[in-house]
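Welcome, and please open the model in your viewer. We will walk through some charged pairs, one selection at a time.

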Amino acid sequence: MICAETPGGNNEYLYQRPPGRTSKGRQDRMPTGEDRKSIIQSGPLGLSDGRLDFSHRILQYASQDRPKLEFLSEVMKLVLEHSGCDAVETRLKDGSDDLRCEAHKERDGTGDFTIIADSGSGASTADDTGFPDIRKVMAAVDLSCGSVPAECTKHGSIWLHDIGRMISPDAGSDVQAVLGGMSSGGAYRSLVLIPLRFGEAQIGMILFKGRRENSYDPVKLEYLETIAAKFELALIHLLSQAKLHERVKELTCLYGIARAASEPGLSFEEKMMNIVALLPPAWQYPSHACARIVIDGHAYQTPSFAEGMQKQVAHVTIKGRNRGVVEVHYPDQRPFPQGKPFLDEEQSLINNVAGQIAQMIEQKEAEAARSELQDQLTRADRLAAIGQLAAGVAHELNEPLNTILGFAQLIQKNEHMPEQAARDVEKIVEASLHARTIIRELLIFARQSAPSRGRVNLNRIIEDELSLFESLCCKSCVELRRMLAPDLPEITANKSQMLQVISNLMINALQAMPEGGAITLTTAFSHDEVSLMVEDTGIGMSEEVKNNIFLPFFTTKDVDQGTGLGLAVVHGIVASHSGRIVVESEPGKGSRFVLTFPYSTSTEPEEDSR
């Protein structure tokens, strides 16, 4: 690179070829922010009144909690004023976007300020931060044809005396990517490009532009580097304050969510409303933001919520299943100078919020499952105790009851017994049979060992059992209907238990029709199941009664009409046969019990009914 010798032979701030640079213009180590900051304490100009005023004012701007764009607007005008240049441009990295800010003077001396949001330049000289690499720029300058007045200072700045003379067929595209169209007849001829660094990382660059060629000398260049160093410190302070402010908002939001989640007196719905209210204040533009949380179809949203084109979304996923979504919207069509309304950190925050909500749902469902399991264990312990008591009582009562029934039946054989005595003995026999039925139900309920099973046909069992109920249905004005499927496959079951199931369902249906009606028994089968449906036209059941009918000893009948064990026994027998039972009922319209049993084509001997 050819460097112009400064007046008086002073070359203190300019390098004809900086140490470590190769013939292609590369440099082994780029200056760090610490190297640049040393400029503030050194320089031939000393601390003039202008520098003191600039330092004081830029420190004032840096110490104020201002939005980034407002800060850049004021500081760039200040830099333009104190630099004496025709224009000053700053290029900063803002998330995934490149932010360009420019302040310039018109030829009549008036000024203007412009902010342009660019989504990356795509230049071949850009490094992984999105900014032109100074070493690549200098390499491109070295490739220019002829004598190019361009120099690189020891602090990493580039000084271009005449941009118009740098264009060549070999280096034009790379240089144009950096100069942004200033050459080839552009408004500016001289340029000083100073990188802005935070430690080893480049966070941007500042460009000082002049309309005339050779607008800058070594003294002016050192002054511009001093201004750039102060601007860099103020910018780092601003970015740090902005990140700290966003971090505080994020932590405040997460802390509020943690408090809401751990509040024992709040319902899940109240917790969701508290959380959704915490979201807008945690975002970049809280006065314009609104939020919504949707969980399993239920929406919780901020007041005056409205959907917008600009929104940020995170899904609430539990065990691979999408259970809902967390959304933050900007409903109004306001412009966003940065090029995008949301920060990268805000996406991480909303993902975190969705994860916290997922944990709350899992904890809520785990507590519900634990409570249900505890209830089941308590109920199982109670039923086990009841079963043991029932088995003992049943065995103790069975022997005297058989004696009573036996002697009553012997008395009935006396042909010369008075008519009134015969009626009384008949009542004794009926009561004894009823008591024996209750004892049999208690024994089935308390049974622990599995009964023997064989191949049985439900149609045959129904016909055998209904023959005992036909006279009873006739006396009760109840019509008995059969709709039995022909060629019904056999199932593997205990025949006596199937008889007990049909008997209990028939008794339950008869008791539900005190004014008469109809009972319909239907059988059907599919490719792997056999079903039995018992339907009545009785009084029906309410939803509350229907939810409790299978609980042992639950009954809506009088004490002398039922024990509450009949349907509990039915449910237990069906479950023990790997079957299902579904109940449909409506008050005033009757009830329908649908029992389904699996069957297989394996051959087993039919159980002996004897």
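Start by selecting Glu419, which is exposed at a relative accessible area of 60% (exposed means over 50%, buried under 20%, and partly exposed in between, with a 1.4 Å probe and protein chains only). Before going on, note that this is a predicted model, where local features need pLDDT of at least 70, side-chain atom pairs count only at pLDDT 80 or more, and totals for chains, interfaces and linings use all residues. Residues are numbered from 1 along each chain as its sequence is written, and side-chain values use heavy atoms, leaving out hydrogens and water.

Helices (H or I, at least four residues) and strands (E, at least two) are DSSP runs numbered from the N terminus. Arg423 is partly exposed, at 40%.

Next, select Arg292 and Glu307, whose closest N and O atoms are 2.9 Å apart in a salt bridge. Arg292 belongs to strand E8 (residues 290-295), while Glu307 is in the loop between strands E9 (298-301) and E10 (310-318), 15 residues away. Which of the two is buried? Arg292 is, at 16% relative accessibility, whereas Glu307 is exposed at 53%.

For a last stop, select Glu89, Arg91, Glu102 and Lys209, which are linked in a network of salt bridges. The whole structure holds 21 salt bridges.

Notes:
Salt bridge = Lys/Arg side-chain N within 4 Å of Asp/Glu carboxyl O.
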